[in-house]
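Hello,

Here is the structure I promised to pass on to you. Have a look at it first, and then read my notes below.

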Amino acid sequence: MDIETISEKYQLNSEEYKVLEYMDEHRLELKDMGIRDLAKATFVSPSFIVKTCKKMKLSGYSELVFLIADSPRVPTNSENDLKVMSYAKQFSQLLNKHRDSMIMILGSGYSQNLANYMSEYFNVHGFRCTANSHLQMLRRDKDALIIIISNSGETKRLAELCIQGEENQQDIIAFVGDPNSTIAKHSALAISSDTFKPTSFNSYYPQLFFGLTLVYFELLMSNFLSK
């Protein structure tokens with residue numbers, strides 16, 4: 001949940017904001033935390049929390065817990081920077097290794113839009129890149145860098161191509177929402193936004209994967225090109 005956006009939308013005061021902020025920071029404990037426990041931890045009364053729920057147009061405390069515990073946490077800028085830096089060295093090594101190779105970026109659905117953007121970005125900066133699937137590039141004798149984009153990390157066709165590429169000893173960079181997914185496990189470098197859940201398919205669920213993937217890519221490329 002984006003606490004800043006929620007606070008602005010419902011005009012929450014500083015005390016109401018602190019309650020939501022505490023819940024967001026302790027989301028893993030929320031489902032076992034009663035309203036009195038939360039009130040004690042945030043130095044407010046249970047009735048104050050109930051009033052906050054009503055102010056947010058919620059039925060009660062249980063709905064507030066569900067809303068926060070089941071929503072992806074939006075990383076702060078500093079958290080994004082730290083995460084990107086943990087990937088930066090290996091990402092740069094792979095790009096340097098394949099500076100003169102062909103880069104093939106694979107995605108489907110909304111991810112195809114990201115693939116197209118990344119391909120244009122690489123081409124503008126002197127790489128040879130395509131966002132189309134050329135299966136001949138997956139042969140063992142092709143020195144290509146494969147980049148795969150998948151929110152779930154389980155997109156069937158992309159997972160099959162990822163496994164095939166790994167078997168052919170090709171380097172694969174994956175942008176995924178689940179670090180434990182099939183595509184992540186079969187990639188040389190898996191860059192995860194940690195945003196994917198089974199409930200991600202619900203129509204109301206915020207799709208943070210695509211925005212964060214673009215942010216990570218921009219930061220990683222900026223770091224690489226600056227050196």
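**Salt bridges**

Glu 15 and Lys 18 form a salt bridge, with their closest N and O atoms 4.0 Å apart; the term stands for a side-chain nitrogen of Lys or Arg within 4 Å of a carboxyl oxygen of Asp or Glu. Before going on, please note that this is a predicted model, in which local features need pLDDT of at least 70 and side-chain atom pairs count only at pLDDT 80 or more, while totals for chains, interfaces and linings use all residues. Residues are numbered from 1 along each chain as its sequence is written, and side-chain values use heavy atoms, with hydrogens and water left out.

Both Glu 15 and Lys 18 sit in helix 2 (residues 14–25), 3 residues apart, or about one turn of the helix. Helices (H or I, at least four residues) and strands (E, at least two) are DSSP runs, numbered from the N terminus. Glu 15 is partly exposed at a relative accessible area of 32%, and Lys 18 is partly exposed too, at 49%. For these words, buried means under 20% relative accessible area, exposed over 50%, and partly exposed in between (1.4 Å probe, protein chains only).

In total the structure holds 5 salt bridges. Another one of them joins the side chains of Asp 24 and Arg 27, at 2.6 Å from N to O; both of these residues are buried. Arg 157 and Glu 160 form one as well, with 3.4 Å between the closest N and O atoms. Because they are 3 residues apart in helix 8 (residues 156–167), about one helical turn separates Arg 157 from Glu 160. Arg 157 is partly exposed at 44%, as is Glu 160 at 39%.

**The sheet and its helices**

Strand 1 (residues 102–106) pairs with strand 2 in the parallel sense over 3 bridges, and Met 102 stands opposite Arg 128 in strand 2. Contact means heavy atoms within 4.5 Å.

**A residue to look up**

Asp 171 lies in the loop between helix 8 and strand 4. Is Asp 171 buried or exposed? Asp 171 counts as buried, because its relative accessibility is 13%. Residues that it touches include Leu 94, Lys 97, Ile 146 and Ala 188, leaving aside those up to four places away in sequence.

**Cysteines**

How many disulfides does a search of the whole structure find? The search finds 0 disulfides, a disulfide being a pair of cysteine sulfur atoms within 2.5 Å. Cys 53 is buried at 0% relative accessibility, and Cys 162 is buried at 0% as well.

Best wishes

Conventions
Pairing = 2+ DSSP bridges.
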